[in-house]
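I opened this model to look up its overall build, its domains and its ligand shell. My entries follow in the order I checked things.

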Amino acid sequence: MAAPVVDAEYLKEIDKAHRDLRALISSKNCAPIMLRLAWHDAGTYDVNTKTGGPNGSIRNEEEYKHSSNKGLKTAIDLCEEVKAKHPKITYADLYQLAGVVAVEVTGGPTIDFIPGRKDSMVSPIEGRLPDANQGASHLREIFKRMGLSDKDIVVLSGGHTLGRAHKERSGFDGPWTQDPLKFDNSYFVELLKKGESDGLKKGESDGLKKGESDGLLKLPTDKALLEDPEFQFYVVLYAKDEDAFFRDYAVSHKKLSELGFIPS
Ligand code: HEM
């Protein structure tokens, strides 16, 4: 499909959709699932073949039925309400705008948004998104395929400051933080707390089983951020310095939202 013409009229529609998304996301408390939708549409990008990425293809039944996308149909349907009012806007732009607004309305940093993404009806094969049961090398493999760095991996994992896992979707259960509707650095604070209670430098995942009695979730991939020294550096930084987290998050989120997209 062709890229949309980003003229004054398109920009006006983007502005209006921004406002509609703010109202929708606040009233429905659906920021977490909207952020996840944006991430799962974008996170299929392959820098080598230039396929996947933020192109709206997640709206295809074939793709939203991938097991990693369980639950995201709700977010797709919510976005459809906004699309109906602003049909000019591509799905690709709409989903990424929803991700940006989700972070904004929950108190996170402002993420620069440039419109103009093309829609695609071509879905990537299943298996491009990370598997929560794996470790550091898997995370590096997946994010490197997207063209993203160690720092991007850690700072974007801070998106788990929002929302929760659902047993019927991923098999995991519960939130990462005490307030899953507030975007702050508490994901890293909680992760570091656990690391410190287990002896930060040990690098033994079995040690991490202790201290889970606070009921907050740590996926195997979250724990991997504590165990790997390169990743750990950023976990410590973001747990201690929320401004640094917000600054770096805004940069990495913009990068994720623009994978394969060259603004005109
Ligand atoms: C939820 C895995 C990265 C945002 C989840 C869930 C899993 C998961 C298993 C639970 C799904 C459910 O049961 O409903 C991973 C893995 C990642 C990763 C393995 C690799 C680093 C990210 C990134 C973002 C993100 C980069 C955004 C920047 C979210 C959000 C939720 C979520 C907001 C909560 C959704 C809800 O409340 O319904 N993730 N994720 N995740 N993820 Fe991630």
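**Overall build.** I started with the radius of gyration, taken over C-alpha atoms. The globule rule is 2.2 Å times the number of residues to the power 0.38. For 264 residues a compact globule would come out near 18 Å, and the protein has 18 Å, so the two agree. I then read the extents of the C-alpha trace along its principal axes: about 55 × 40 × 35 Å.

**Provenance.** I noted that this is a predicted model, where local features need pLDDT of at least 70, side-chain atom pairs count only at pLDDT 80 or more, and totals for chains, interfaces and linings use all residues. Residues are numbered from 1 along each chain as its sequence is written.

**Confidence.** pLDDT is the predictor's confidence in each residue, from 0 to 100. Its mean for the protein is 94, and 95% of the residues reach 70 or more. I marked residues 203-211, where pLDDT stays under 50. The model has 15 contacts for that stretch beyond four places in sequence; a contact means two C-beta atoms, placed from the backbone, within 7 Å. The model scores are ipTM 0.99 and pTM 0.96.

**Secondary structure.** I counted elements as DSSP runs, numbered from the N terminus: helices are H or I with at least four residues, strands are E with at least two. The protein has 11 helices and 2 strands. Along the sequence the pattern reads α-α-α-α-α-α-α-β-β-α-α-α-α. Among contacts with a separation of 6 or more, 74% join residues 24 or more positions apart.

**Burial.** I called a residue buried if 20 or more other C-beta atoms lie within 10 Å of its own, exposed if 12 or fewer, and partly exposed in between, with C-beta atoms placed from the backbone. Buried residues make up 44% of the 264. Helix 9 (residues 220-227) is largely enclosed by the rest of the structure, because 7 of its 8 residues are buried. They are Thr221, Asp222, Lys223, Ala224, Leu225, Leu226 and Glu227. The cover over them includes helix 6 (136-146), helix 7, helix 8 (186-198) and helix 10 (229-240).

**His66.** I found this residue in the loop between helix 3 (61-64) and helix 4 (72-85). His66 has 19 other C-beta atoms within 10 Å, so it is partly exposed. Its C-alpha atom is 8.2 Å from that of Gly127, 61 residues apart along the chain.

**Domains.** The bounds come from an automatic or database domain assignment. I have domain 1 (8-129) and domain 2 (136-140 + 146-195 + 213-249). Their C-alpha centres lie 22 Å apart. In the interface, 17 residues of domain 1 are in contact with 15 of domain 2. Helix 2 gives the most to the domain 1 side, with 6 residues. That side divides into 9 nonpolar, 6 polar and 2 charged residues. For classes I took Ala, Val, Leu, Ile, Met, Phe, Trp, Tyr, Cys and Pro as nonpolar, Asp, Glu, Lys and Arg as charged, and the others, Gly among them, as polar.

**Ligand shell.** Which residues come closest to the ligand? They are Pro32, Gly159, Gly163, Ala165 and Ser170, out of 23 that surround it. A residue counts as near if its C-beta atom, placed from the backbone, lies within 6 Å. By class I logged 12 nonpolar, 8 polar and 3 charged. Helix 2 (31-42), helix 7 (150-157) and strand 1 (164-165) each supply at least two shell residues. Helix 2 has the largest share, with 5 residues. Domain 1 and domain 2 each give at least three.
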